[in-house]
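Q: Can we go through the charged pairs in this one? I'd like to know where they sit.

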Amino acid sequence: FRIMAGKVKWVTDIEKSVLINNFEKRGWIQVAENEDWNFYWMSVQTIRNVFSVETGYRLSDDQIVNHFPNHYELTRKDLMVKNIKRYRKELEKEGSPLAEKDENGKYIYLDFVPVTFMLPADYNLFVEEFRKNPSSTWIMKPCGKAQGKGIFLINKLSQIKKWSRDSKTSSFVSQSSKEAYVISLYINNPLLIGGKKFDLRLYVLVSTYRPLRCYMYKLGFCRFCTVKYTPSTSELDNMFVHLTNVAIQKHGDDYNHIHGGKWTVSNLRLYLESTRGKEVTNKLFDEIHWIIVQSLKAVAPVMNNDKHCFECYGYDIIIDDKLKPWLIEVNASPSLTSSTANDRILKYNLINDTLNIAVPNGEIPDCKWNKSPPKEVLGNYEVLYDEEMAQSDGTDRDLRGRPGQPAGVKGSRARDSGKPVLTTWK
């Protein structure tokens, strides 16, 4: 198994044995002994080197890699929000009904990210927004970090003491000019189960951005906090209450190493169907799928759609107590480390199914093929959106006459007749 003359390192949080097992099953390690072709599983840092103007490589047609060159347009917290805001504005200029607003000036269909500002650049704008609702809570996150590192909550302007303020210019200056933060309105009314906050980790595979083709993995999971949620200001510093990251929660006294504080998405669905009803639950998951597709459409025009690339993203979604889903962030390298036995099975299958779509039947990679694998190789993936197919079917039209009902992955059900309705984006 040849890895770029030894210049590529394994992604640190991948269980190497799981990945190797998948390669062996396809005979790739043996094939690679002949050095006829390569499959690269790279870290995001290595991708920068591969596609760098100064130090980059020229990949041949039988070489594919697992990240797009500028994936950070979606996976950096600040750039994701920036691209979604740009996407909204463009749709507004085009007069698209997708950009319709309510009487309060909020987007009806595209309001799926919390109010967010970039710091230090947008400090004055943030202060202006904060003063409109001084009792609000905000969450600060470093743009380029993961696993809950550097995150904290504030509910007073005076609490932002990690930075200094230049009295002469009244501008916000970070202690480290290199590190930018985002500050977002905190979702302080999360849906609770057993009194605890949770979020969803969903896996989405993109094989091409132009035309956009993406797949939804059916085996996502919920990540629960170990401590019961309270909006009390006295608990703002308790990350076991507020952050669902396993990297944080596993250090808690109440962390359960058997189930890892995780629930499958199918269990969540059953719970919601039994407590809130099937119709409401279907609508929630329709809206989650809608959010994912719109976020990908937002970055598609700026993404470097290199033919050698595919990418599996980890989407983090929070649901509030009104069953409205919110997109929190998108991860370029979702953890493939298994914290439980069920985790290991899920992630083994995730790797297996991802590779089957990237290289169907374990054949020699060919970046010239149309990247539309046969249905039988999808495994636990299902097609979420296929722009080419949608356009050829004439179904990729604007959302019309369906207020509050974003389209679902396989077509929403008509609430009165039970008959399937064509989605507006598939």
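Predicted model: local features only at pLDDT ≥ 70, side-chain atom pairs only at ≥ 80, totals over all residues.

Q: Which residue forms a salt bridge with Lys324?
A: Asp111 does, with the closest N and O atoms 3.9 Å apart. A salt bridge here is a side-chain nitrogen of Lys or Arg within 4 Å of a carboxyl oxygen of Asp or Glu.

Q: Where are Lys324 and Asp111 in the chain?
A: Lys324 lies in the loop between strand 14 and strand 15 (325–331), and Asp111 in the loop between helix 5 (77–93) and strand 3 (116–119), so the pair ties together parts that are 213 residues apart in sequence. Helices (H or I, at least four residues) and strands (E, at least two) are DSSP runs, numbered from the N terminus.

Q: Asp111, buried or exposed?
A: Asp111 is buried, at a relative accessible area of 18%. Lys324 is partly exposed, at 27%. The cut-offs: buried means under 20% relative accessible area, exposed over 50%, partly exposed in between (1.4 Å probe, protein chains only).

Q: How many salt bridges does the structure hold?
A: It holds 16.

Q: OK, next pair. What does Asp386 bridge to?
A: Asp386 forms a salt bridge with Arg213, and their closest N and O atoms are 3.1 Å apart. Asp386 is in strand 16 (residues 381–386) and Arg213 in strand 11 (residues 212–217), so this pair ties together parts 173 residues apart in sequence.

Q: And how accessible is Arg213?
A: Arg213 has 2% relative accessibility and counts as buried. Asp386 is buried too, with a relative accessible area of 5%.

Q: Changing topic: where is Asn189 found?
A: Asn189 is in the loop between strand 8 (181–185) and strand 9 (192–193). Asn189 is partly exposed, with a relative accessible area of 23%.

Q: What does Asn189 touch?
A: Asp320 and Asp321, not counting residues up to four places away in sequence. Contact means heavy atoms within 4.5 Å.

Q: And how far is Asn189 from Lys322?
A: They are 8.5 Å apart in space, C-alpha to C-alpha, and 133 residues apart in sequence.

Conventions: Residues numbered from 1 in each chain as written. Heavy atoms only, no water.
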